[in-house]
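Good morning, and thank you for coming. Please take a moment to look at the sequence and the structure before we discuss them.

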Amino acid sequence: MKLSPTDRDKLEGREGPASAMAMSILVRMGEVLEADHMIDIEAAHIDSTLYMGQATLEFAEKLSGMGAKVCVPTSLNVGGVDQQGWQSWPVPPTWAEQARRQMDAYQSMGAVPTWTCAPYQTAFRPEFGQQIAWGESNAIVFANSVIGARTERYPDLLDICAAVTGRVPAVGLHLESNRGGQLVIEVSGVPFSLQAEDSFYPVFGLLVGKLAGDRIPVLTGLNVQPTEDQLKAFGAATASSGSVALFHWVGVTPEATSLEAALKGRQPEEVISVGMADLKAAWQDLTTDAGGRLDMVVLGSPHFSLDEFRRLAPMLEGQSRHPDVSFLVTSSRAMAALAEKAGVLHPLREFGGRVTLDTCILTTPMLPPEVKTLMTNSAKYAYYSPGLLNTQVVFGSLADCVQSAIEGHVVRDETLWAA
Amino acid sequence: MGRVIQGKVLVAGEAEGESLMTSEPLSFWGGYDQVTGEIIDRRHPLSGQNASGRILGLPGSRGSSTTTAVLLEAVRRGTAPAAILTANTDSFLALASIVADELYQRPVPVVALSAQDFAAVQTGDWITVHADGSIEVGDHP
């Protein structure tokens, strides 16, 4: 890989030891990926904030101890602990302390404490065409697909190296020539009433992720204009069941003004037709237990947006949760502050719901052991909870989740899926 | 000595052990228990198997960008695979190993095989990984 004189200065330690270590990792990765050269980035989003044990803390503190500073505007993904609320959950104090130290280390490098997996719904939302280095699978697929910014799938530990040096190997989705669709997924026979439902998007995303794997899918055949939160739920699902980092939705996403535009003049490797039978199978796949028992409803993966808080609030008015079912929303401190100002957190508290900030149930050990069955409207929570938390999971719409929390057992309106 | 196949070195190193192979990609986050080395993605064909100290063969990683952090912690704890064989260049697995080298001087060898060579390695084969990316495949000694 060709290095610029400043790349070489960094690599050889003339900008300090932190920059040297970050550049060494980037150069070794560039060689693995057979990159020709490196390019500048304009922004970064850091998923390395997640505390996965002593190793991730040691990595963060090694960088911060060497004086690492980010050199582009940098947002932070969720951390390993809700620093304001962990004491009201069975989070081990040692974990809380270590996770907090890791969060502090990244903040000390000059990154902004956004603490969210939905940075595209903050002031750090990138623009079309910008070269960025983002971590967090759902954020990556949203930035590339819905906004048209350019990022590779930056894993934990590499995103911060990019932020510290401002450089990345010129590979993958940074390059226009690699952004064409590889697989066409034609959808037919889906009633408009289902296409308009929020719960259609995580299910459709789960299916697309499974079919696409790590390829770039192009979606055709639907006649809705999804909302931003629907695309967010869709993208998060594609990046859970698959490794999708970019999708093109003809007539919806910016690089897919037409099928030809989305394919960038090439033939697709494969064309797959999907219909209701495939979607129903994906819908069933999101539920591991339909026995009816329920311990907790959990919403907010990716983190709940202000709009989502706004949609939830009227459903809760005048109701309260069943005493046996807890009700949790995960979001960031900034989004929760906005929701508070907008008056939409109050109904959640009155309902008996709780909010966990800056982390989520998958990234901090907060769930009491007696929680055995979760219900959620999030494909990402549904996909990962059985393995990470050893729980059963039931997928439902937002309205199903609320109704189930009120009644104390799983209630689902299955008519849309039964068609 | 068994047959020898030549792979592409992603991260160089030497290792020896019994192979554990899958044709299904795996997210280590939610899929690999860094405390024990068990595969815990309940939707994955290797669910319940233990990869600690074995030669883990998988087409590549999938999904979450936290795979790297989980593998790094597994290296620190000594529950990582002894080496990883992939069917494509997998940047996440390579990165975890490169950082394990920078931080602990303990890289996990990662070698990419052609799809055909990858498919010819079976679970239970005794594998020797060499630093030049050549792989000996034989029976359990």
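How many residues of chain B are in contact with chain A? Please keep in mind that this is a predicted model. In this model, 28 residues of chain B are in contact with 34 residues of chain A. On the side of chain B that touches chain A, α1 (67-77) and α2 (91-104) each supply at least two residues. The largest share, eight residues, comes from α2(B). By class, this side of chain B has eleven nonpolar, eleven polar and six charged residues.

Let us turn to chain A and to helix α5, residues 137-147. Ten of its eleven residues are buried, so α5(A) is largely enclosed by the rest of the structure. Among the buried residues are Ile140(A), Val141(A) and Phe142(A). What do the buried residues of α5(A) pack against? Their partners in chain A are the strands β2 (43-46) and β4 (132-134), together with the helices α9 (228-241) and α15 (379-389). After α5(A) comes Gly148(A), whose phi is positive, near 85 degrees.

My last topic is a pair of helices. Two packed helices are described by the angle between their axes and the distance between the axes. In chain A, α3 (residues 54-65) and α4 (residues 93-108) pack at an angle of about 30 degrees, with their axes 9 Å apart. Angles under 35 degrees count as roughly parallel, and α3(A) and α4(A) are therefore roughly parallel to each other. The crossing of α3(A) past α4(A) is left-handed. On the α3(A) side, the residues that meet α4(A) include Leu57(A) and Ala60(A). The residues of this contact divide into four nonpolar, five polar and two charged.

Definitions and conventions. Residues numbered from 1 in each chain as written. Chains lettered and ligands numbered in written order. Predicted model: local features only at pLDDT ≥ 70, side-chain atom pairs only at ≥ 80, totals over all residues. Contact = placed C-beta atoms within 7 Å. Helix = DSSP H or I, 4+ residues; strand = E, 2+ residues; numbered from the N terminus. Nonpolar A, V, L, I, M, F, W, Y, C, P; charged D, E, K, R; others polar. Buried ≥ 20, exposed ≤ 12 C-beta atoms within 10 Å, placed from the backbone. Axes fitted to C-alpha atoms, helices over the stretch in contact; angles between N-to-C directions. Parallel < 35°, antiparallel > 145°, perpendicular 65-115°, else oblique. Left-handed = near helix turned anticlockwise from the far one by under 90°.
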